[in-house]
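Hi everyone, thanks for making the time this morning. I'd like to walk you through one protein, so please have a look at the screen.

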Amino acid sequence: MNHISKYIESKVVVLLFLIINCLHIQAQNESYLIHISNHLNLINPAFISENEDSFFKSSYKKFWSSVPEGPENIAISFGLPIGNNLSMGASIVRDKVFIESDTYAGLDLAYTMQLDRFSNLRVGIKVGGSSFSIDPSSLNTYNNTVDPSLVSVNRFNPNTGFGILYTSN
């Protein structure tokens, strides 16, 4: 009986460990998610060919409009068919919050395969990059000494993506 009790006790400890670790889950928070309903190609490049029509979309969101240099977000995307079941497009997202600026630009290419009369499989690739900068020069400091933590930051990160979209009537 003691052996079974230790076995059950070890399983309960493992289960409690897993439950406690699952309580603290983090996710990526990107500013362009506020535009997701209008700019699906930001997440999945296969959406560039969803309607097989040319499109141009833009969105603008300003938060705290009464606060000078409050957060604002701009998203622009377009797409057009280029023939032979191919579509191409581009998207730009700019997020600015006080001294921080984040800009993303990407190019999409999508191919549509007709599986049968009623369904299509769209495959897309995305290449682009993100530019992130912090400019603390506009901050007002009330101290004569220089704060070593107030340094400019300029960084560029290349991005690639792949997406699949299945549609059926």
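**A nonpolar patch on the surface**

Let me start on the outside: Phe56, Ile76, Phe78, Leu80, Ile82, Met88, Ile92, Leu109, Ile125, Phe162 and Ile164 make up a nonpolar surface patch, and together they have about 990 Å² of accessible area. A quick word on where this comes from: you are looking at a predicted model, in which local features need pLDDT of at least 70 and side-chain atom pairs count only at pLDDT 80 or more, while totals for chains, interfaces and linings use all residues. Residues are numbered from 1 along each chain as its sequence is written, and side-chain values use heavy atoms, with hydrogens and water left out.

What counts as a patch here? Its residues have over 30% relative accessible area and no salt bridge; nonpolar side chains (Val, Leu, Ile, Met, Phe, Trp, Tyr) are joined within 5 Å, and like charges within 9 Å. The areas come from the Shrake-Rupley method with a 1.4 Å probe, and for residues only the protein chains shown count as cover.

Which strands each supply at least two residues of the patch? They are E2 (72-83), E3 (86-97) and E6 (153-168), and E2 gives the largest share, 4 residues.

**The overall layout**

Stepping back, the protein has 1 helix and 6 strands, in the order α-β-β-β-β-β-β from the N terminus. Both are DSSP runs numbered from the N terminus: helices are H or I with at least four residues, strands are E with at least two. Of the 169 residues, 25% are buried.

**Contacts between side chains**

How many salt bridges does a search of the whole structure find? There are 2, taking a salt bridge as a side-chain nitrogen of Lys or Arg within 4 Å of a carboxyl oxygen of Asp or Glu.

One joins Lys62 and Glu72, with their closest N and O atoms 3.7 Å apart. That pair links distant parts of the chain, 10 residues apart, with Lys62 in strand E1 (residues 55-62) and Glu72 in strand E2. Lys62 is partly exposed because its relative accessibility is 33%.

The other is between Asp108 and Lys126, at 2.7 Å from N to O. Asp108 belongs to strand E4 (residues 100-114) and Lys126 to strand E5, so this bridge ties together parts that are 18 residues apart in sequence. Are these two buried or exposed? Both Asp108 and Lys126 are buried.

Back in E2 we also have Asn73, which is buried because its relative accessible area is 0%. Its side chain makes a polar contact of 3.4 Å with that of Asp95; such a contact is a pair of N or O atoms within 3.5 Å, where within protein one must be able to donate a hydrogen and the other to accept it, and residues adjacent in sequence count only if both atoms are side-chain atoms.

**Two loop residues**

Last stop, the backbone. Asn85, in the loop between E2 and E3, has a positive phi of about 65° although it is not a glycine. Phe98, in the loop between E3 and E4, also has a positive phi, near 55°.

Definitions and conventions
Buried means under 20% relative accessible area, exposed over 50%, partly exposed in between (1.4 Å probe, protein chains only).
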